[in-house]
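The sequence and the structure come first, and the notes follow by topic.

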Amino acid sequence: MRIGFIGLGGMGTAMARNLVAAGHTVLVWNRSPGPVAELAAAGAVSASIEEAFATGTVLSMLADDRAVTERLLDPAALAAAPAGALHVNMATISTALAERAAREYAERGLRYLAAPVFGRTEAAAAGNLTIVTAGEPAAIAEVQPLFDVLGRRTWTVGEVPAHANLVKILGNYLVACSIEAMAEATTVIEAGGLDPALFIEVLTDNLFPGPVFAGYGSMIGKRSYEPVNFRLPLGFKDVGLALSAGQERNVPLPFGGVLRDAFIEALAHGQGEQDWAAVAETARRRAGLA
């Protein structure tokens with residue numbers, strides 16, 4: 001297929017690279033030129049956003065609502081898309097923006113899918129993401145060959161694109177809650193004179209297996225927050241999206257307030273370039289261990 005790919009952060013670069021390796025012609029755009037040059041050397045084609053849309057099928061992986069609004073709801077970009085063109089938004093955005101995007105695309109005779117992903121950058125590089133998608137069934141079938149390159153499994157959760165974003169937002173909320181729980185528990189363990197890394201190893205051997213506790217737990221236990229798979233400000237953004245989603249539906253999220261304050265404190269202490277697991281340092285500071 002000849003497709004566009006917009007947004008080449010760590011996740012987007014790995015995903016676009018896999019599509020190129022699978023034999024697709026991929027026109028790529030990114031705000032900074034470095035990742036574009038890297039992918040061009042691997043066989044991708046450097047392009048403008050308008051040229052990416054002109055392919056008729058464009059995937060995107062931008063950071064937040066603002067970036068999506070500025071780049072992918074831009075009238076000039078949408079005007080470049082042929083009638084019936086399909087945009088697959090694989091980023092984590094608010095349900096409100098997903099609803100707006102679906103509406104504005106439909107008004108222009110364009111199609112819109114939400115397909116956010118679960119998985120860190122190493123999963124993206126391995127083509128092992130979990131993809132959650134929602135939208136028109138025919139559109140999903142059209143891009144399923146691309147999803148098969150990018151992920152281990154695709155979950156279709158309905159025909160309303162915003163529903164896929166709701167699943168993704170609350171999934172990330174659960175991950176953030178798990179990180180906070182591990183932060184608090186390992187802080188007590190450390191204060192008790194025990195090794196937090198060994199504590200995590202004991203628990204993940206059987207009781208809490210899987211990438212969340214094993215991956216982020218190892219980072220927290222060892223207090224080693226590199227490589228950065230998901231930057232702390234992005235985690236803060238997703239906690240905010242979860243709180244907004246709950247408020248819009250009259251569902252309180254008490255843990256969300258705890259998470260919000262922990263992330264704010266981490267950002268205030270200059271942790272913005274660290275992995276979001278580094279929010280665990282907030283618990284240590286509050287306990288006087290930092």
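Two strands count as paired if DSSP finds at least two bridges between them. Helices (H or I, at least four residues) and strands (E, at least two) are DSSP runs, numbered from the N terminus. The model is predicted: local features need pLDDT of at least 70, side-chain atom pairs count only at pLDDT 80 or more, and totals for chains, interfaces and linings use all residues. Residues are numbered from 1 along each chain as its sequence is written, and side-chain values use heavy atoms, with hydrogens and water left out.

**Strands E4, E5 and E6**

- Strand E5 (residues 86-89) runs parallel to strand E4 (residues 57-60), to which four bridges join it; the bridge partner of Val58 in E5 is His87.
- E5 also pairs in the parallel sense with strand E6 (residues 111-114), again over four bridges, and Asn89 has Ala114 as its bridge partner in E6.
- Leu86 and Val88 point one way from E5, while His87 and Asn89 point the other way, and all are buried. Buried means under 20% relative accessible area, exposed means over 50%, and partly exposed lies in between (1.4 Å probe, protein chains only).
- In a regular strand the side chains alternate between the two faces of the sheet.
- E5, helix H6 (residues 95-107) and E6 form a right-handed β-α-β unit. Right-handed here means that, with the strands pointing away from the viewer, the path from the first strand over the helix to the second runs clockwise.

**Thr95 in helix H6**

- Thr95 lies in helix H6 and is buried, with a relative accessible area of 4%.
- Apart from neighbours within four places in sequence, Thr95 is in contact with Ala162, Asn165, Leu166, Ile169, Glu248 and Arg249, where contact means heavy atoms within 4.5 Å.

- Three strands make an open sheet in the order E7-E8-E9, with mixed pairing. Strand E7 (117-118) and strand E9 (151-156) stand at the edges with a single partner strand each, so one side of each has no neighbour in the sheet.
- Strand E8 (residues 129-133) pairs with E9 in the parallel sense over five bridges, and Val132 has Trp155 as its bridge partner in E9.
- The buried residues of helix H8 are Ala139, Ile140, Val143, Leu146, Phe147 and Leu150.
- H8 bends by about 50 degrees at Gln144, and a proline, Pro145, follows within four residues. The bend is the angle between axes fitted to the seven residues ending at a residue and the seven starting there.

- Helix H12 (residues 232-248) has 17 residues and reaches 25 Å from its first C-alpha to its last, close to the 24 Å expected at 1.5 Å a residue. The expected span is 1.5 Å times one less than the number of residues.
- Among the buried residues of H12 are Leu232, Lys237, Asp238 and Val239; what covers the buried residues includes helix H9 (161-191) and helix H13 (254-268).
- A cis peptide bond, with omega about 0 degrees, joins Glu226 and Pro227; Pro227 is found in the loop between helix H11 (211-222) and H12.
- Arg223 lies in the loop between H11 and H12. Its phi is positive, near 55 degrees, and Arg223 is partly exposed, with a relative accessible area of 43%.
- Asn250, in the loop between H12 and H13, has a positive phi near 60 degrees and is exposed, with a relative accessible area of 72%.
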